[in-house]
Amino acid sequence: MSHAEVEITAELVADLVRDQHPDLADRPVRLGARGWDNQLWRLGDDLAVRLPWATASADALLRKEYSWLPTLAPRLPLPVPVPQRLAEPSERFPRPWLITTWVPGTPADRAPVTRAADSATSLATFLTALHQPARSGAPAGRDRGGPLADLTGGFAKALTSAIERGLIDDPDAVGAIWHDAVTAPQWTGPALWLHADLHPANVLTAGGAICGVIDFGDLCAGDPAYDLAAVWLLLPEGSTDHFYAAYQPAADTATMRRAPGWAIARALGGILIGDAGVHGRPGGKPTWGPPAHAALQRLTATIH
């Protein structure tokens, strides 16, 4: 049985829970969301089941999240989905899966942040708490949190693709932001814990403010500039100074130069994924386009 041959339904999820966690079998099951790597199914009011479905790498990401996030979650000031139980592959479903706590809210790619000051403070406080030196043996990122220059080839390819599709208004500005970031001094401090996937679909909002952070599958240790890209990806225009005033310890100039580089790369990726979704291409997500374009506009406005 291959990954693609498994159709995930409410009935299957209920059966899996009954087989491996029978004490939770009386809880109703309903679809929560279909993400990039996993499907999320509600399990009662306060729990959720996360099952890998679309990528082969999702299994390892779930196991990593189960191993590391419970030790970090207690210090984080925003609600996060804390893994409660790990289920092993079985005849019914040939991949591991998790039971986690449920975090209410709407993903920011569907309900963007509008309360700028409150959300800038919330994000800064969250990253201040998370960005602590990682202990020995912490996982490394998948091209995340390392030297920005390592992504030069991928960035050039994404920019070319976006230009060819008519998705970029000012490619020179995009290139200038990338050049400044990639030529900034590299991170020389200790490897810090990173969420490493703070794009709008992984941050929840309520009433225009950030109310939770989800999907820690890419949790790793590295350069904090990677996560600081979220300032551009998530927050409305004019929030940058407010964020950096609340983020501690104060980011150095080089880190503040690298962060827009990571942000411009992530925005390009979101624009291409959004365009693929609009045109029905595989892997596309139409809701990713608008926040990515907004982030690109905020970034390019800084150099005009």
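Author: Happy to. Keep in mind that this is a predicted model.

Reader: What does the side chain of D215 make a polar contact with?

Author: Look for pairs of N or O atoms within 3.5 Å. The D215 side chain has such a contact with the side chain of R50, at 3.4 Å. It also reaches the backbone nitrogen of G217, at 3.3 Å.

Reader: What should I look for in the backbone?

Author: Here's the general idea: most residues other than glycine have a negative phi, and most peptide bonds are trans. Now the case at hand: D215 has a positive phi, near 55 degrees. A196 has a positive phi too, near 70 degrees.

Reader: Where is A196 found, and why does it count as buried?

Author: A196 is in the loop between strand 7 (192–194) and strand 8 (203–206). Its relative accessibility is 0%, so A196 counts as buried.

Reader: You mentioned peptide bonds. Which one is cis?

Author: Take the bond from Q248 to P249: it is cis, with omega near -10 degrees. You'll find P249 in the loop between helix 8 (240–246) and helix 9 (253–278).

Reader: Let's zoom out. How many helices and strands are there in the protein?

Author: The protein has 10 helices and 10 strands. Its radius of gyration is 19 Å, close to the 19 Å that the globule rule gives for 304 residues, so it is as compact as a globular protein of that length. Along its principal axes, the C-alpha trace spans about 60 × 40 × 40 Å.

Reader: What share of the residues is buried?

Author: Buried residues make up 51% of the 304. For the contacts, take those between residues at least 6 apart in sequence: 71% of them join residues at least 24 apart.

Reader: And what about the surface and the charges?

Author: The protein exposes about 13400 Å², with carbon and sulfur atoms supplying 54% of it. There are 25 positive and 32 negative side chains, and the centres of the two sets lie 3 Å apart.

Note on methods. Residues numbered from 1 in each chain as written. Predicted model: local features only at pLDDT ≥ 70, side-chain atom pairs only at ≥ 80, totals over all residues. Heavy atoms only, no water. Helix = DSSP H or I, 4+ residues; strand = E, 2+ residues; numbered from the N terminus. Rg over C-alpha atoms; globule rule 2.2 N^0.38 Å. Buried < 20%, exposed > 50% of the residue type's maximum accessible area, 1.4 Å probe, protein only. Contact = heavy atoms within 4.5 Å. Areas by Shrake-Rupley, 256 points an atom, 1.4 Å probe, with all protein chains shown as cover. Lys, Arg positive; Asp, Glu negative; His and termini not counted. Charge placed at Lys NZ, Arg CZ, Asp CG, Glu CD. Polar contact = N/O pair within 3.5 Å; in protein donor to acceptor, adjacent residues only side chain to side chain.
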